[in-house]
Amino acid sequence: MSTEPSRRIRAAHTADTITVYQAYSPRLGLPAARDGRFPPDWKRDRMTWIKPSFLWMMYRCGWGAKEGQETVLAVEITRAGFDHALRHACLSHYASGVHPDRTAWRRALRAAPARVQWDPERDLHLGALPHRALQLGLSGSASRAYADEWTLSIRDVTPLAHEIHALVRAGNDDAARALLPVETPYPAPPLPHLGA
């Protein structure tokens with residue numbers, strides 16, 4: 001029986017930063033990694049989803065093989081920015097124990113600059129685990145702040161993704177697991193408005 005809470009943020013983090021993952025086409029991803037910031041043609045007014053879980057990102061981008069997601073980025077951002085987004089986020093779906101009613105949820109969702117989805121965390125073979133990983137969607141002011149204020153560094157981790165995937169395909173799970181980023185419980189503030 002797992003003692004892992006159903007919903008908890010697990011991430012690589014320091015006292016001041018948290019690492020999140022995104023995947024882009026090389027046209028956007030390579031300049032971002034080269035320059036350590038998102039290029040001007042990165043759309044700052046559209047919703048962008050960040051994922052603290054490396055393996056959830058691998059599930060989403062197919063180890064960097066899906067079209068338009070061939071460049072996997074590790075984006076180190078400020079914890080202050082991440083926590084701000086969490087405080088002002090709304091669940092992306094209605095939850096009866098969290099929202100008074102659907103109308104209140106819709107109103108909160110429209111006003112929120114960030115939204116949260118809790119999706120099944122993934123194992124090394126990208127199978128679903130019983131506990132959930134956070135996806136954080138940023139739009140409007142939060143998306144602009146993420147790109148231009150919160151982001152401290154951007155690294156291309158596509159080679160790492162490919163190396164881990166090759167080890168998994170070869171049946172060398174222990175070696176693959178040893179290369180995974182170390183993700184520990186993130187000391188988020190209480191998140192009852194996000195169902196956690």
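**View 1. Contacts and overall fold of the predicted model.** Of the contacts (heavy atoms within 4.5 Å) in the protein with a separation of 6 or more, 75% are between residues 24 or more positions apart. This is a predicted model, in which local features need pLDDT of at least 70 and side-chain atom pairs count only at pLDDT 80 or more, while totals for chains, interfaces and linings use all residues. Residues are numbered from 1 along each chain as its sequence is written, and side-chain values use heavy atoms, with hydrogens and water left out. The protein has seven helices and nine strands, taken as DSSP runs numbered from the N terminus (helices H or I, at least four residues; strands E, at least two). Its radius of gyration, over C-alpha atoms, is 17 Å, close to the 16 Å of the globule rule (2.2 Å times the number of residues to the power 0.38), so the protein is as compact as a globular protein of 196 residues.

**View 2. Buried side of helix α4.** Helix α4 covers residues 102-111, and its buried residues (under 20% relative accessible area, 1.4 Å probe, protein chains only) are A104, W105 and L109. They fall within an arc of 135° seen down the helix axis, so they line one face of α4; the arc is that of the directions from the axis to the C-beta atoms. These buried residues pack against β5 (89-91) and β6 (114-122).

**View 3. Outward face of helix α4.** R110 and A111 are exposed (over 50% relative accessible area) and sit on the face of α4 turned away from its buried side. Across the protein, 48% of the 196 residues count as buried.
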